[in-house]
Structures are given as C-alpha cells and as structure tokens.
There are 2 protein chains.
Amino acid sequence: MKVAILGFGTVGVGVYEMLEKCPGLEPGPVLVRKGKEDKPFKVSSIEQIVNDPEVGAVAEVMGGIEPANSYVAAALKAGKHVVTSNKALVAAHGIELAELARASGVSFLFSAACGGGVPFLHNLAIAAQSDEILFLGGILNGTTNFMLDAMQSEGKDYGDVLKQAQALGYAEADPTADVSGLDALRKIMLACAVAYNKLPVDGFSREGIESITAADVADFQAKGLTCRLITSGGPAGESVYAYVEPVLFPASSPECSVVKNFNMAKYNGQNAGAIVLMGQGAGRYPTASAVVRDLCGLGSLEMLRPECVKVRADNAGCAHAYYVRVDADKAGRLPFAESKADGASVRGVTAPMAVPEMHAIANEIRQEGGSIFFAAMEA
Amino acid sequence: MKVAILGFGTVGVGVYEMLEKCPGLEPGPVLVRKGKEDKPFKVSSIEQIVNDPEVGAVAEVMGGIEPANSYVAAALKAGKHVVTSNKALVAAHGIELAELARASGVSFLFSAACGGGVPFLHNLAIAAQSDEILFLGGILNGTTNFMLDAMQSEGKDYGDVLKQAQALGYAEADPTADVSGLDALRKIMLACAVAYNKLPVDGFSREGIESITAADVADFQAKGLTCRLITSGGPAGESVYAYVEPVLFPASSPECSVVKNFNMAKYNGQNAGAIVLMGQGAGRYPTASAVVRDLCGLGSLEMLRPECVKVRADNAGCAHAYYVRVDADKAGRLPFAESKADGASVRGVTAPMAVPEMHAIANEIRQEGGSIFFAAMEA
C-alpha cells in the first residue's frame, strides 16, 4: 500500500525512510510547501494526495491544527486511513476525525502523538478492551525530563539547562508547550480518551517546571528526593481526572532511573496490575517507528471508539502532601505540616491538599507577583 | 464468542472470571480431570470441546507438554483459535502448532507464556513487522527476582528466601525450572522466534541462581552492585544468541528498581530505540489478563510466522567481564583481571570472556565437585 506523507520535517523524513524498507508498504507522494517541490515525489497540493487512487493511507506529521485538520478530514472522507503524530490535532478534533474514519470504514490512529517510540496508546487501547484501567500517566515529556535530570545530576540552573536542551534540539526555540506542561497535558488527554472513552477538554490542573531553581534542587536532593514532571489520569465518577505537576520521588523509585530525554508511561490494570513502558519519547526514528507501527496495524484496532465523549476533568478527589518553597509573606496561605525559613522564603511540606487547591493557591500568589515552587510528595 | 478453557487452576479460574465480564467473549466449557466435573460447565473429555460448534476459541492453561500438545492440535484442526500460557509447549511444539493454525485459518497466540501481564511478545511481534530488533531480553522470571531482591534487601541466605518464595506461592514445591534459569530460557526461546523467526532449540548457555550465597551478596553489595537474573537474545549471523545468567548492575541501572516478583522485558529497535516494559510476570490475574488480551485480538496478529525455523543458538560472539567467586585451587582456570583471596575461595573480576567459555569453565569445576558463583558485569 502506498502511504502519502503530510510534512517532510524531522519525523516525515524518518517515516519516508522506514516505509522504503517496510514489507507491504511504500512511500507515496509527500506534501510540502509550495515552491519546495524539489523532487518528483513532492507535491504542494493536498488534492493530489486525496484524489490519488493509489494512496491507501496518509501519515500526517506536519503538526499544528490547521491546515492539518482540514487535510486529515479530506483524506478520511476520501477513504484513506490516517495515522498522525499530531497531539494538538487529536486533542482538539480527534473525536470528529474518528467519526469520519468510521463513516469511511478506515482507521484513524495516533500512537506517535503520545510517548514517541513508547507504544503507550496502543497498549492502553488493547488493555482497555478487557481490563479496567485504574490509573495512567507517568513521565510523558522528554524535554522537561532532560532538563530536570541535568539540573539534578549537574547542579545547573534552569536557564542553563534550557539553553542546553535547545542546543541539542530537545526544546523548541519557544519551549513554552514543554516547560509549562501543556505538551504532557495533551498526551494525558489522548490517553484518557483511549482508556476511558472520555476526552477531557477543560478543568485541568497544570504546573510545569518553570519555577524550579538550583536552590530548590539542592534542598530536596539533600533529603534524598528526585523531581520528575508527572502526568496523571484516571477515572473520577462520570468524568476523569487529568493533571500535570512536578513530583518528588525517593531514590528507590523507578522514576528516578528515567534519565535524559526518556519517557516512562504507566497504567494500572485491575487484572494486569501495574504496567510500565519506558523508551524514547521523541526524535526522528522513535517517533517515525510509532507512525509506521500504526500503519502496519491498520484495521486491527480502534483508538477512539464511538462512545468517546468530551468531558470536564475533575481533579477534586486527588490529593497529595506538597513540598513548597514560597515567599515568606505568602507562607500563611499554605497548610504547612512542617516548614522552615530560608532567606526571604519559607520551605516545607504541607498536609495533604486537593490538587486543584494547591494549583489555585500557586496561581493566586503568582498573580500577586509572588514566587512559589511546588511538587507533590510521592506517597 | 464462546471460549473453552483447558485447565481450571490458578490461571484458568482467572480467565473464566475475566471472560464473564469481557464484551464479545464468554466462558464456554472448562476441561477438568475425570471425576472433577462438579459444575455443569466442567467437562472431562477434550472431544466435548473440539466438537462443540459454539466454541470459537480455546484457552490452554493446563501446563505441561502432553496432553496439552494433543489437545491444542485437535482444537486447531477443528478450526478453533488457541491462546496459551504454556511456554514449555510453545518452546517444544510451537512451530508445528502455528502451522496447524495457518492451515485452519485461525490464530495461535501465547502472550501469557512470556512475561505474564507484561505485553512483551505482543509488542515484539508488532515491532518486528517494521523495525529491526537489535536485542531483547531482561528480567523474565519473577520467582528468582523475588529471591535475589530478598537476599539483597534483607541479607537472607538462599535457602531462607527459597522457603519464603514457596510459602508465598511464587516458587513451586520443585523450584528447579525457576532457579536453574530454565523458565527464563524458554521465554527467550519464544521471544527470539517472534522477533527473528528463529526458534533456538539447543546451544544455550544457562546459569541460574542456585550458587549465590549471602557472602557473595555482601561482597558485591559493598561495591554498590545489585544482582539480577538476566535473559539475553539477539541476532547472531544466520542464528540467534540466547542465554541466561546472573548480572551485576550499578545502583543507577533501571534493573535495580525492579523489585519483588516483577519482570522487566526489554528490546532495542533500530528505529524505536530501547523499549522497556515492566510489570507482574506471574499470578492469577496478570497472567489471565494476557490470555484475555490475546483473545480480544484474534486474527490481528501472527506471533509465529511461516518462515520461523529451528536453529542452534550461537553465543560465541557474546562476551563480558565476570565477577567470580571460586575455590582457591581452581582459580587458575579463570582469566582474572583482579582478584583477592577470601578464606578458601578467590573472588575477583575476569577479563572479558566469551559467554560459552565462562559457562563451560563453571560446569567443569562443578563436575569436579568444586564450587563457583559467577555473574556478568554490566558494562
């Protein structure tokens, strides 16, 4: 089967190369920007792909919501399978696109949108058919894991590791989506949709790593703790919970062995128990391998089922004790169980607090111009 | 679809319970020993299952090679899909049974035979369709991992942790298959067949954990090292390598975070990079969940492909430095790079040695009545 590719950047080139070697599949036309058609296989009009009867499937790796959404919809309506690595697209329009795919009797798969080379969504989709998923999440953003690991292993400051991540190509010129936790949040949105048939679209709690300092690292490392940016999802009554925040782990935790830009995805099945998947969450070939894996499994799996609906996330039932560093004059807002002064700040650990409460207090303090870092204590 | 179950022990009961709740599947007749038919759904003759037109699939969880092999063959010939947890059966007769399945146009799947709840073989089979698998293996035996973990975290001796493992139901009354590495070896046989279309049937190197003592643990723990029983497989020219041996890891290795009776399966894809899967490798519901997962995916995947052939494993190209404790009068047989006397023994680390050479020297020394413990040093 001929597979057209939308976008010829880092991942697109990887998909093209893998398709050249994959039995049963071959690369078809590749959509590039007008004026960039420097090879016979490159085209600049989506119609040339949608109307090509030889194209059986489309790999969308161009990113962004538009025009990717219109192109994917057109391909699905024309009866082409679609595989995408585009988490923003699936988070925004996945349910509608899956409906188009069903109407045309084709597949709409997006393993590469969550975990890169780590086959998280694929395994979740299969597990959800026969098991009850009690929890899902983990370390789903490699850029921030690289940065936290570098801060903790080399004692560097936030600004330095961000520059290092950008120099290595792990972080974009505008790193906001990664460091703010938005990228990880989009991934947990997709994972909840696959596991629970519920796509949370608002009501989130999201804290990235932008507030962490070398002094914070030195303080919790002295207590034997390691920080990771953790994404969590699970059932919450008629809805799901879904949030992103830094978490501190004791040294024996498997999370501490996830270094550099690796990912660690987890789910807990009522029957299977805790299942952990680790690997490279980004990069040309890991991400391309997830795209091609989906292309090899067309027709065998539905990731977004007909019963999937949009919901508002409900994190009210989730609670943790939090490690907090906050301006001394704001410390009274936090229910510290223990704390100590540290210059103009107070550091300590709170009594257990609901996740939305902790995030709301932090937002409030920041809106007043105050400074705060917080991380959940892994129980 | 009605699923008949062969065997109603730990796993069989779990499969029955899960099928009762699984959409699209329901439990059919259950094969038990003659005289044990105490419920209407229990039967004692395989013909009642093979000739039942309502039975679409058979879950074989009785264990042992015969009569399981004859029963599975009869079911496949009768056009029933077969899913099995029986690693000894697949290692001995898998290629022939897969051929019968193809001839009948049905599936023959065995995820539960390797890794219990950890979806290792399923992911390997999918990855092998589109990626080159450079390496596979890991911690594939939960019983020995429990024992090693207990020796290392509690300072107990081998005999004590074996009794503890038996009391907890992790080890059989006859624990030989686990502690000798045979169970782990059978799993790597299956993994090689799935990933490389080559089922190694002899030429193995296999060392279990029977020689480890509390003194060995104390010595390498003082060096910051942790022991795990590791199974390794990979391509070796026209054949594959496949061996089992204890390995010592530095504290930062992910292997050290695999505690109790957990498993950690790994593969390294040319494109996907290193992928690690962790979870419970045994137990009623984890193993049953793997059986039911296969039953939900019938027809979508072939684990043993037509080109799969039997080969002799070739470990000659695999080499490691080894930590060794050996009787002082035999120490001259080992190419120690550094060593020291320890009572009547010598302890040290060898220069890099081929895996079969190390195993052969150990076997020779034991045949002469000598005592030796060895473990590869993780590079």
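1. The contact between the two chains draws 36 residues from chain B and 36 residues from chain A, contact meaning heavy atoms within 4.5 Å. About 2600 Å² is buried between chain B and chain A, and carbon and sulfur atoms give 60% of this area. Buried area here is the accessible area (1.4 Å probe) that two parts lose on being put together, summed over both. Ser130(B), Asn271(B) and Met278(B) supply 21% of what chain B buries against chain A, more than any other three residues.

2. This is a predicted model: local features need pLDDT of at least 70, side-chain atom pairs count only at pLDDT 80 or more, and totals for chains, interfaces and linings use all residues. Residues are numbered from 1 along each chain as its sequence is written, chains are lettered from A and ligands numbered from 1 in the order in which they are written, and side-chain values use heavy atoms, with hydrogens and water left out.

3. Between chain B and chain A there are zero salt bridges, a salt bridge being a side-chain nitrogen of Lys or Arg within 4 Å of a carboxyl oxygen of Asp or Glu. Three residue pairs are in polar contact across the interface of chain B and chain A, both residues at pLDDT 80 or more. A polar contact is a pair of N or O atoms within 3.5 Å; within protein, one must be able to donate a hydrogen and the other to accept it, and residues adjacent in sequence count only if both atoms are side-chain atoms.

4. On the side of chain B that touches chain A, the elements giving two or more residues are α5 (120-130), β12 (262-269), β13 (273-280) and α11 (284-296) of chain B. Helices (H or I, at least four residues) and strands (E, at least two) are DSSP runs, numbered from the N terminus. β13(B) gives the most, with eight residues. The residues of this side divide into 21 nonpolar, 13 polar and two charged. Ala, Val, Leu, Ile, Met, Phe, Trp, Tyr, Cys and Pro count as nonpolar, Asp, Glu, Lys and Arg as charged, and the others, Gly among them, as polar.

5. Strand β13 (residues 273-280) of chain A runs antiparallel to β13(B), joined by three bridges; strands pair if DSSP finds at least two bridges between them. Leu277(A) stands opposite Leu277(B) in β13(B).

6. Chain B superposes on chain A by a rotation of 180° with 0.0 Å of shift along its axis (RMSD 0.0 Å), which is the relation of a two-fold axis. Leu277(B) comes closest to the rotation axis of the residues of chain B, at 2.3 Å (C-alpha). The same surface serves both copies, as 100% of the contact residues of chain B recur in chain A.

7. Chain B has an open sheet of six strands in the order β3-β2-β1-β4-β5-β6, with parallel pairing. Its edge strands, β3 (42-43) and β6 (108-109) of chain B, each pair on one side only. Five bridges join β1 (residues 2-6) to β4 (residues 55-60) of chain B, where Ala4(B) has Val58(B) as bridge partner.

8. Two backbone features deserve a check. The peptide bond from Glu66(B) to Pro67(B) is cis, with omega near 10°, and Glu66(A) and Pro67(A) are also joined by a cis bond, with omega about 5°. Pro67(A) lies in the loop between β4 (55-60) and α3 (68-77) of chain A. Asn197(A), in the loop between α9 (182-196) and β8 (198-202) of chain A, has a positive phi near 60°. Most residues other than glycine have a negative phi, and most peptide bonds are trans.

Key:
Copies are superposed by least squares on the C-alpha atoms of residues with pLDDT of at least 70 in both.
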